[in-house]
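Thank you all for making time this morning.

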Amino acid sequence: MNLTRKAQMALRDSMTLEDALPTKMPIYVNSMAYLFGVSALSALGMLGITGIVMAAFGPGWYHVSKLGHFVNSLHFWSVQVFFGAIVLHGLTKFFMAAWRDGRWKTWMIGVLAFGIIVFTGLTGFLSQTNWDSQWIAVQAKDAMNALGVGAFFNTMDTTQVLTLHVVVLPLFVVALVGVHLFLIRHDSPVRPLPGKEDGEK
Amino acid sequence: MSKKSEATLRGIPMRPYDLLREGLIVLAILAVIIVVLAVVFSSPDYPTVRGEDVAKVQPIAYLTTAANILAGNSSIEGYGPPYTSDTANAQEILGIAPANWFGVTIPIDPAQDLVLNPLARVAVLDKDVSGALQTYQSATSDQQQAWLKAYLAALDKATEDGGKVQLPAGDYGPVAALMDGMLNLGRAGLLEGALESGSRLPYMLDSTRSLLYFQDAVDQGVADSLDLLGEQWGLGHETGSYPGAWWLWPYTFLYQVPPMSTSDNGDLQVGVIMLAFFVFLLLIPFIPIINRLPRWLGVYKLIWRDWYRRQG
C-alpha cells in the first residue's frame with residue numbers, strides 16, 4: 001500500500017485546482033449574500049496583519065506611540081467589521097439552509113470557529129492593558145470561575161491571556177477556517193431551495 | 001471538479017468567475033473602510049486604575065479597601081475555588097457546582113497576601129509600621145477585629161484635607177499606623193509591585209492580585225461613572241461611545257432578566273444557557289422544525305431571486 005499515492009488520489013477526488021481556485025460559478029451564485037464570507041475572510045486578514053505588527057512591537061507599544069495607537073485602531077475596527085461580516089454570513093447561510101445535501105459539516109465547523117473567535121475576542125479585550133481590560137478581567141472571572149473554566153483560564157493572568165490571544169487561539173481559528181473553506185470548495189455552493197414551481201408547499 | 005461538485009452542479013449553467021479578483025476587491029474596499037474608521041474614530045485607551053491613583057485621588061476609598069480586606073470583608077473572602085477552599089459560596093445549579101470541581105488553583109489569602117505581606121515589606125523601611133505590625137500580629141483575633149471595626153467606622157466620618165486623611169479620635173490600636181503604611185505604599189506607586197512580589201520576579205507575569213485589589217467599591221465606582229456596570233450591558237460597549245463586544249448582547253441581555261439578574265448563581269445560569277445555545281447553533285441542521293424554518297421564512301427567495309426569475 002503506497003500511502004502517498006492514496007493521498008494523491010484522495011486529494012484529486014476531493015479538491016481539484018478548479019475547486020480550489022474556481023474560474024466559473026453556478027449561475028445562482030449571484031447575490032450580495034455571497035460577499036459576507038469573503039468579507040469576513042478579508043477582515044480576518046486585516047486582523048492578522050495588524051495583529052502581527054502589534055505583536056512584533058509588544059503589548060505596551062500602542063499606549064506610548066502614535067503609530068502604535070493607529071495600528072491598534074486598525075485592529076479594533078477590523079474586529080468590529082469582522083464580527084459584522086461573520087454575523088451576516090451566518091444569518092444568510094441560515095436563511096439559505098446552507099447545510100443541505102451533506103453540508104452539515106461545513107455549518108458545524110463554521111459555528112465551532114465562531115465560538116473560538118468569540119473567545120479570541122474576549123482575550124483581545126483582556127489584552128488591552130487599559131481600564132477596559134482591567135474591568136472586563138474582574139467581571140469575566142466570575143463567569144469563568146462559575147463554569148469551572150477559571151481553574152485553567154485566569155482572566156487576570158495577563159501573560160496567559162496574551163499568549164492565548166496572539167498564538168494559541170488564532171492557530172485554532174485559522175485551522176478551522178481552513179477546514180471550513182476546504183469543505184465549501186469541495187462541496188460547491190449549495191443549490192437554491194426548491195421554489196413553488198418545483199413543487200414546494 | 002470534485003465528485004461532489006460535479007454531482008451538485010450537473011445541469012446547472014455556469015458563469016465566468018475570478019475568485020482572486022473578487023477577494024482582492026473586497027479586501028481593498030474593507031481595508032479602506034477600516035482605515036477611514038481608524039483615522040476618524042481612533043480607538044479607546046482609557047488609563048488603568050492604579051494603586052497610586054487611588055491613594056492620591058481617593059485616599060479614604062483606598063484606606064477603606066485595605067481595611068476591609070484586612071478585616072475579612074472583601075469579596076474574595078470565602079469566594080471559594082479557584083481562590084479559597086470555602087466551597088459553600090460556589091455558584092450551583094441543582095447542587096452541581098463546576099467551580100468546585102478543580103479545587104483551589106490560584107490560592108489567595110486576602111488579608112495575608114493583599115495587606116500583611118505588603119506591610120511586611122513596608123516594615124523594612126518604616127519602624128512605625130514594623131512596630132504596629134508586631135503589635136497587630138501578636139493581638140488576639142477578637143482584638144484585631146475590634147480595632148478594625150472601630151477604624152472602618154471612623155473612616156465613614158473621616159475628612160480629607162490636601163491628601164491628608166483626618167480621622168476622629170478613637171481606639172484603633174496599631175491599625176491606623178498599618179493603614180498609613182499601606183497608603184504610603186500606594187502613594188509611592190509600589191502597591192502593585194508589593195502585591196505581585198510572590199510571582200517570578202523580576203518578571204511580573206501575572207496581575208491577579210493587583211486586579212483583584214480594587215475590584216469591589218473602587219472599580220465599581222469607576223465603572224458606574226463610565227456606564228460599564230453589568231446592568232448597563234457591561235461588555236457590550238467600551239469606554240466613551242466606542243462599540244465593544246456587541247456580538248455578546250444575547251449574553252449580557254440574560255444578565256438583565258430574572259432569575260439571572262437577581263440570583264446568586266446568575267453567572268452559572270447565564271453560562272449554561274449560552275453553552276446550550278451554542279450546542280443548539282451547532283445542531284441546527286438536525287433539529288426538526290428549526291431546520292425547516294428557512295423554507296417558511298422565505299428570505300432565500302430574495303437571495304436567489306435571479307435564479308427563480310430565470311426558472312420561471
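What covers the buried residues of α8(A)? The cover includes α1, α2 and α6 of chain A, together with α1 (3-9) of chain B, where helices (H or I, at least four residues) and strands (E, at least two) are DSSP runs numbered from the N terminus. Before I go further, please keep in mind that this is a predicted model, in which local features need pLDDT of at least 70 and side-chain atom pairs count only at pLDDT 80 or more, while totals for chains, interfaces and linings use all residues. Residues are numbered from 1 along each chain as its sequence is written, and chains are lettered from A and ligands numbered from 1 in the order in which they are written.

The buried residues of α8(A) include Thr158(A), Val161(A), Leu164(A), Pro170(A) and Asp187(A), and by buried I mean that 20 or more other C-beta atoms lie within 10 Å of the residue's own, with exposed meaning 12 or fewer, partly exposed in between, and C-beta atoms placed from the backbone. The helix α8(A) has 30 residues and reaches 42 Å from its first C-alpha to its last, close to the 44 Å expected, the expected span being 1.5 Å times one less than the number of residues. At Leu164(A), which is itself among the buried residues, α8(A) bends by about 45°, taken as the angle between axes fitted to the seven residues ending there and the seven starting there. Just after α8(A) comes Ser188(A), with a positive phi of about 70°.

Let me step back to chain A as a whole. Chain A has eight helices and one strand, and its C-alpha trace spans about 60 × 50 × 40 Å along the principal axes. Of its 201 residues, 48% count as buried. Chain A is divided into domain 1 (31-92) and domain 2 (97-190), with bounds that come from an automatic or database domain assignment, and the C-alpha centres of these two domains lie 15 Å apart. Eight residues of domain 1 are in contact with nine residues of domain 2, contact meaning that the C-beta atoms, placed from the backbone, lie within 7 Å. On the domain 1 side, the elements that give two or more residues are α3 and α5 of chain A.

Now to the two chains together. How many residues of chain A are in contact with chain B? There are 84, and they meet 81 residues of chain B. The most comes from α5(A), with 15 residues on the side of chain A that touches chain B. That side divides into 43 nonpolar, 29 polar and 12 charged residues, where Ala, Val, Leu, Ile, Met, Phe, Trp, Tyr, Cys and Pro count as nonpolar, Asp, Glu, Lys and Arg as charged, and the others, Gly among them, as polar. Three bridges join β1(A) to strand β1 (residues 14-16) of chain B, and the two run antiparallel; strands pair if DSSP finds at least two bridges between them. Within this pairing, Met25(A) stands opposite Arg15(B).

Finally, a residue in chain B: is Ser241(B) buried or exposed? Ser241(B) is found in the loop between α11 (217-225) and α12 (249-254) of chain B, and it counts as exposed because it has 8 C-beta neighbours inside 10 Å.

Conventions
Contact = placed C-beta atoms within 7 Å.
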